[in-house]
Amino acid sequence: MIEVPVRSATGEVVRQIALDERVFGIEPNTAVLHQAVVAQLANRRKGTHNTKTRGMVAGGGRKPWRQKGTGRARQGSIRAPHWRGGGVVFGPHPRSYHQDLPRKMRRLAMRSALSAKLRDGELLVLENVELAQPKTREMLAFLQRLGVSGSTLLVLGHRNDGVKR
């Protein structure tokens with residue numbers, strides 16, 4: 001078993017806790033972790049970009065001038081792509097960027113991320129997270145007492161609106 005210290009809100013060690021080696025003791029699979037991150041970023045995309053083709057642009061229902069005899073080039077519509085105000089030829093249209101990731105790969109990616117955080121010393125187990133008031137200043141002081149700086153992810157066992165705020 002992997003032993004990790006449990007800290008109090010002030011930062012001192014209260015006790016030790018045993019973590020499961022099947023979750024926190026594996027060799028991180030960076031390829032699967034990368035694939036999971038790419039899939040999450042792709043699934044965030046809306047895919048609502050759109051352009052109008054020559055059939056969707058308003059106007060241009062008749063031939064601008066007759067086919068022969070004017071000395072000008074033959075034209076069928078003023079909404080053709082080479083005209084100003086015409087349609088777009090191969091522009092983007094709405095589509096889904098969704099990527100499925102098998103359940104076992106998702107779980108392996110999560111275990112890999114947790115194992116990597118523990119290996120790098122970036123995992124901190126707290127006894128409880130209690131704030132006097134739900135204020136940013138209080139949370140900042142709390143994190144500074146623990147020696148945490150930069151981007152931080154807090155995972156709680158239950159809902160805490162003060163921490164969420």
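Two strands count as paired if DSSP finds at least two bridges between them. Keep that in mind as we walk through this structure, which is a predicted model.

Let's start with the sheet. Three strands make it up, in the order β2-β1-β3; the sheet is open and its pairing is mixed. On the edges sit β2 and β3, each of which pairs on one side only. In general, strands of a sheet pair through backbone hydrogen bonds, and they can do so either parallel or antiparallel. Here you can find both kinds, so let's take the two pairings one by one.

First, look at β1, which covers residues 2-7, and follow its pairing with β2: the two run in the antiparallel sense, with six bridges between them. To trace this on the model, find I2, which stands opposite L19 in β2. Then move along to P5, which has Q16 of β2 opposite it. How many residues lie between β1 and β2 in their hairpin? There are five, and in the turn G11 has a positive phi of about 110°.

Now turn to the other neighbour of β1. With β3, the pairing is in the parallel sense and spans two bridges. V6 has V125 of β3 as its bridge partner, and R7 stands opposite L126, also in β3.

Pick out α2 (30-44) and α3 (103-119). Their axes come within 8 Å and cross at roughly 110°. Angles of 65 to 115 degrees count as roughly perpendicular, which means that α2 is roughly perpendicular to α3. As for its hand, the α2 and α3 crossing is left-handed.

That leaves the empty space. Rolling a probe the size of a water molecule over the atoms shows where such space is left. In this model the largest pocket has a volume of about 1500 Å³. It is lined by 43 residues, and those closest to its centre are L114, L123, L153, L154 and V155. Which element gives the largest share of the lining? That is α2, with eight residues.

What is the lining made of? Its residues divide into 25 nonpolar, eleven polar and seven charged.

Conventions
Residues are numbered from 1 along each chain as its sequence is written. This is a predicted model: local features need pLDDT of at least 70, side-chain atom pairs count only at pLDDT 80 or more; totals for chains, interfaces and linings use all residues. Side-chain values use heavy atoms; hydrogens and water are left out. On a 1 Å grid over the protein atoms alone, a cavity is a set of points where a 1.4 Å probe fits but cannot get out, and a pocket is an open set with protein on both sides within 12 Å along at least five of seven lines; lining residues have an atom within 4 Å of a point. Grid points are joined across faces, edges and corners, and a volume is the space filled by probe spheres set on the points. Helices (H or I, at least four residues) and strands (E, at least two) are DSSP runs, numbered from the N terminus. Ala, Val, Leu, Ile, Met, Phe, Trp, Tyr, Cys and Pro count as nonpolar, Asp, Glu, Lys and Arg as charged, and the others, Gly among them, as polar. Axes are lines fitted to C-alpha atoms, for helices over the stretch in contact, and angles run from 0 to 180 degrees between N-to-C directions. Angles under 35 degrees count as roughly parallel, over 145 as roughly antiparallel, 65 to 115 as roughly perpendicular and the rest as oblique. A crossing is left-handed if the near helix is turned anticlockwise from the far one by less than a right angle, and right-handed if clockwise.
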